[in-house]
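Student: I've got a model open and would like to learn how to read its features. Could you walk me through it?

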Amino acid sequence: MKSLRKIITRSILLTAAIALLLVAINLAFTTNWMFKYSGSQPLKYAIADISDGLTNTEGTYALNPSAAAMMEEQYAWAMLIDRDGQVIWNKNLPGDIPRHYTLTDVASFSRWYLNDYPVSVWEHPDGLLVLGDPKSSIWKYNITSTEDTISHVPGLLLGFLILNVLSALVLALFLGLWLYRKLKPLYNGITALPKKEPLALPTGGVTGEVARILNETSVILSQQEKQLAHRDQARTEWIAGVSHDIRTPLSMVMGYASELENNPSLPAAEQNQARIIRQQSQRIKSLISDLNLASKLEYNAQPMELARVSPAALIRGVAVDFINDGLTAPYTLSVDVIEETNSPILLCDQTLLRRALTNLIDNSIRHNPRGCDIRLSVTISTNGLVIKVSDDGKGYPPELLENSGGLDESLLLGNHGLGLIIVRRIMKIHGGSVVFENLPDGGCAAALVFIS
C-alpha cells in the first residue's frame, strides 16, 4: 500500500505542478501580449515631434527630414486644420477624408475615428494636426472606471492569481483521489496474485480492461496451481508406491545373495559375485530411500520431530556409527567441538540431521577412493550455530559450487546423486542453509548453518 500511496502522491504533485505551470504560462502570455501590442500604439512625444517638424515658410508647410521619417514610420497620412476648419496642409490624405470641418466634426473625431480611420491629434501653432492610420489597424474605444475600482485592481489581480492556484491544487487533489480509487482495487489484485488468492475485480470504468486481465490471470494461476498440486501428489504417491512395492523383492534378493556369499561350498569367485549382488542391491535400496525422502522433503510431507539436542553429542554419534560400520584406512574421521556445544542448544529433528551428516560423509568417501581425512566440527558464530563436514580430498567440482545457491536443484545432481539435494532440503525445513566450498589448502567443506 505504501507504493500505491507514493504513486498517488507523485501524481497529485505532478498534476499540481502542471496546473501551476499553465497558470504561469497564461500570465506570461497575457503580459507579453499586452506589452507587445500596446507598444505599437503611437506615442505622444512622437506626435509632438512631428508637429514641431511641420513648419510654415512664407505660406508653404513642409516636414523636416526627421519629422517626415517618423511620419512615414508610424502613420499613413496627416493633415493640418486651421482655426476656421479648413485643411491648409496634408500628406497622403485619402480621397474620402473631408477638407473642411466644423467644431462638432473636430470634437467627434479628435480622440477616436475619422471616417473609420484611427486618428491622433496634436495642437499646432497654426491649428490642429491630425495623424491617421489605415482602417482596421488600431482598436480605439473609451474605457472608463471609477477611482475606487482602479485602486482595487492590484488586489483583484492578486485574488485572481490565488484563485487560480487554489483551483489548480483542488483539481490535482481531486484527480489524485480519483486515481487512488481506480488503482486501489488493481493494486490489491496484483498483491493477491502471488498469494494465489482468487480475484473478482470490478471490470467497469477506465481500469476495467486491466481488471479483467487480472481476473483471467487469477483463474489461470488457480488452475495451474491445482494441476501442479495434482501432479506433485501423483508423483509423490507413485514414488512411495514404487518404494513400497520394490522393498520386498529387493529384500529377498539381498537375503539370498547374503546366503550365497557365506556358503562355504561355493567357489570364491561365485561368493564374490554374490557379495557384489548384495552390495549393489543395498545401494539400490539406499537410492530408493533417498528418492522417497527427497520427495517428502520437497512437498513438506516429511513429519518433523523437533527436540533440543547437543550438537557435540550428535556429531560424535554419527562418527561412532561410521567407525563401528567398519570405516578403515585410507579414511580417518575426527571430531572437533567446543565446550558450549555439549549443552542441548540445537532445536532440530535429530534423525533428519543425522541423515544430512551421513550423506556428507558418504559423499567424501565416495569421491575420494584413494582415501582422505574427514573432520566433523561445531562452532558458534554471531549468526548462529555451524556444523561443518570437511575433508582434504579433491574437493567439489566448479559447476557444483557455481550452482549450489541456485533454485534449480538438478544442477546439484551431477555424480553426487540425491545426497546433496537431501542435505539442502533438510536444512531448508530447519530454517537454515548449507554452504559448499573448496578449501585453500585442498579438500572441501560443507557448512550446515542454523540461524539463531
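Predicted model: local features only at pLDDT ≥ 70, side-chain atom pairs only at ≥ 80, totals over all residues.

Student: Okay, is Glu58 buried or exposed?

Tutor: Glu58 counts as exposed because its relative accessible area is 82%. Look at its backbone too: phi is positive, about 55 degrees, although Glu58 is not a glycine. You'll find Glu58 in the loop between β1 (54–57) and β2 (60–63); strands here are DSSP runs of E with at least two residues, helices are runs of H or I with at least four, and both are numbered from the N terminus.

Student: What about phi at Ser136?

Tutor: Ser136 isn't a glycine either, and its phi is positive at about 60 degrees. Ser136 sits in the loop between β7 (127–132) and α5 (147–151). With a relative accessible area of 77%, Ser136 is exposed.

Student: And which peptide bond is cis, with omega near 10 degrees?

Tutor: That's the bond from Ala329 to Pro330. Pro330 lies in the loop between α9 (311–324) and β9 (331–336).

Student: How do I read a surface patch?

Tutor: Patch members have over 30% relative accessible area and no salt bridge; nonpolar side chains (Val, Leu, Ile, Met, Phe, Trp, Tyr) are joined within 5 Å, like charges within 9 Å. A salt bridge puts a side-chain nitrogen of Lys or Arg within 4 Å of a carboxyl oxygen of Asp or Glu. Areas come from the Shrake-Rupley method with a 1.4 Å probe, and for residues only the protein chains shown count as cover.

Here, a nonpolar patch has about 680 Å² of accessible area together, and its members include Leu20, Leu27, Phe160 and Ile162. Helices α1 (2–38) and α6 (153–192) each supply at least two of its residues, and α6 gives the largest share, 6 residues. Ile162 belongs to α6 and is partly exposed because its relative accessibility is 45%.

Student: Where is Ser11, and is Ser11 buried or exposed?

Tutor: Ser11 is in helix α1, and at 18% relative accessible area it's buried. The C-alpha atoms of Ser11 and Leu175 are separated by 8.3 Å, with the two residues 164 residues apart along the chain.

Technical notes
Residues numbered from 1 in each chain as written. Heavy atoms only, no water. Buried < 20%, exposed > 50% of the residue type's maximum accessible area, 1.4 Å probe, protein only.
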